[in-house]
Amino acid sequence: MKVSTRSSINSVMVHVGLDDTDSTQGKCTTHAAYRITDYLLNNKSIEFVDYPLLIRLNPNIPWKTRGNGAVCLRFRTSHHEDVLDRIIDLVHKENLVATGANPGIAIYRGETIPYTIQCFARKALYDVVSRKTAEELARRHQIRFFMDGNGQGLVGSIAAIGTLLQEDHTFEAVAYRKQEKCGTVRILDSAQVVQYDAETFPYTFNNYDKAHHRVLILPHGPDPVFCGVRGESAEVVVSALRKLKISEKLEGYMVFRTNQGTNQHLQNEVGFTDIKCYTAGFSQCRVDSRPTVIEGGHAMFSVRDPVGAVINAAVYEPTDMVNIASKLEVGDVIRIGFGVRKPSSKHLRTLNVEYLLVLETKEIFETVNPICLTCNKRMKSEGANKGFRCWKCGLRNRGAKKILIRKPRTIETKLFIPSPRAHRHLTKPIHRYGMEKNVTSTSEINLWSAWFCKT
Ligand SMILES: [Zn+2]
């Protein structure tokens, strides 16, 4: 697969993957990428061929950093050796290894990304991949790499390189704070968020949770991100960011092309036999037991796949989908996207439902007593096989039988997804169904001029 058709004599295509430079002390991978990009853009020999990619990997990995996000920078340069030394230098300076970051940086040179690296990247979206596999891959393909801490960051950095993001994608403009402001309260007028949300919908998303009156674009930690605006193009996310009139003096912003809001981790169909913990996927299945709502307000039920394997599924309270899930009945045909929770002392292995598509509802019936032909009232049973008797007029009917009445189903055959407050980075918002876009090659990508800004 060709990454770019552009080329000039003596220049090489460089792919830099970064991951896990987050730490509790307030650093983040995207900020390290911002600093590196700033350096690269000041170097005349460098031409970016794609926006920086922000790739969210399998969100079910228990040892992930906050968002399990990795970054890839792709550019052409004629001076790659100097450039690469400088990048590694910068990464050393930017991260806080001693306080819990496990950074990985990987650098690959080549016009195309080998198929095995692309497969590795795809697996990292929904499965558990080991550092050892990443290291083997790096050696086989002459990927220059550096890792520190436990080295877990190498997995993400190689996965980011291997993700071409030719399928559905979105954009995020991330605004960064000056270092001296990190850790202080972010001041933002929520009315401005509500306003730009209304003005730019559906081309920006997850700005504001109307149901719970919560601004969604601000992180809450000490990290250098002031806010992030998500949407369908570089232009729209930057123009929305500018509408915010942020009073704090910021370091700048950068636009990422990303798999956020695409459900990219739920693309593989899996059966329930031998399903692995921490993996993600989707399955078309039947409801096998009626949902019960347990303590904490979560709906628990079981589902059966086409070969008959049964597993527990859970719809958690914060998703606001419990009322919907509670209306499911045994035999309903559904498709669910999920992450697999490992078993604990309290629960068996459980699917954590990330979306619910109701495909077919089973007819359900209730049995009621027959009606007295004289009074038009329901009769009472006289006991097993003894017929019925009217409680009003006393009429007996030994031959009467219970009758079946079809009960109305109150669940619609449609797609249900969690409310915005329970969205993960990868969760596809309901309005994005039908808005998917793709690129056949990064040579199609023309970087918009204002994708990077330093104030
Ligand atoms: Zn009667």
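**Exercise 1.** Where is the place of Asn-369? Find also whether Asn-369 is buried or exposed, and list its contacts.

*Solution.* The model is predicted: local features need pLDDT of at least 70, side-chain atom pairs count only at pLDDT 80 or more, and totals for chains, interfaces and linings use all residues. Residues are numbered from 1 along each chain as its sequence is written, and side-chain values use heavy atoms, with hydrogens and water left out.

Step 1. Asn-369 lies in the loop between strand S18 (364–368) and S19; strands (E, at least two residues) are DSSP runs, numbered from the N terminus.

Step 2. With a relative accessible area of 18%, Asn-369 is buried (under 20% relative accessible area, 1.4 Å probe, protein chains only).

Step 3. The side chain of Asn-369 reaches the backbone oxygen of Met-379 at 3.0 Å.

Step 4. Neighbours within four places in sequence aside, Asn-369 is in contact (heavy atoms within 4.5 Å) with Arg-378, Met-379, Lys-380, Ser-381, Phe-388, Lys-402 and Ile-403.

**Exercise 2.** Describe the sheet that contains S19, S20 and S21.

*Solution.* Step 1. The three strands form an open sheet in the order S19-S20-S21, with antiparallel pairing (pairing takes at least two DSSP bridges between two strands).

Step 2. Strand S19 (380–381) and strand S21 (396–397) are at the edges; each has a single partner strand, so one side of each is left without a neighbour in the sheet.

Step 3. S20 (residues 388–389) pairs with S21 over two bridges, and Phe-388 has Asn-397 in S21 as its bridge partner.

Note on methods: Helix = DSSP H or I, 4+ residues; strand = E, 2+ residues; numbered from the N terminus. Buried < 20%, exposed > 50% of the residue type's maximum accessible area, 1.4 Å probe, protein only. Polar contact = N/O pair within 3.5 Å; in protein donor to acceptor, adjacent residues only side chain to side chain.
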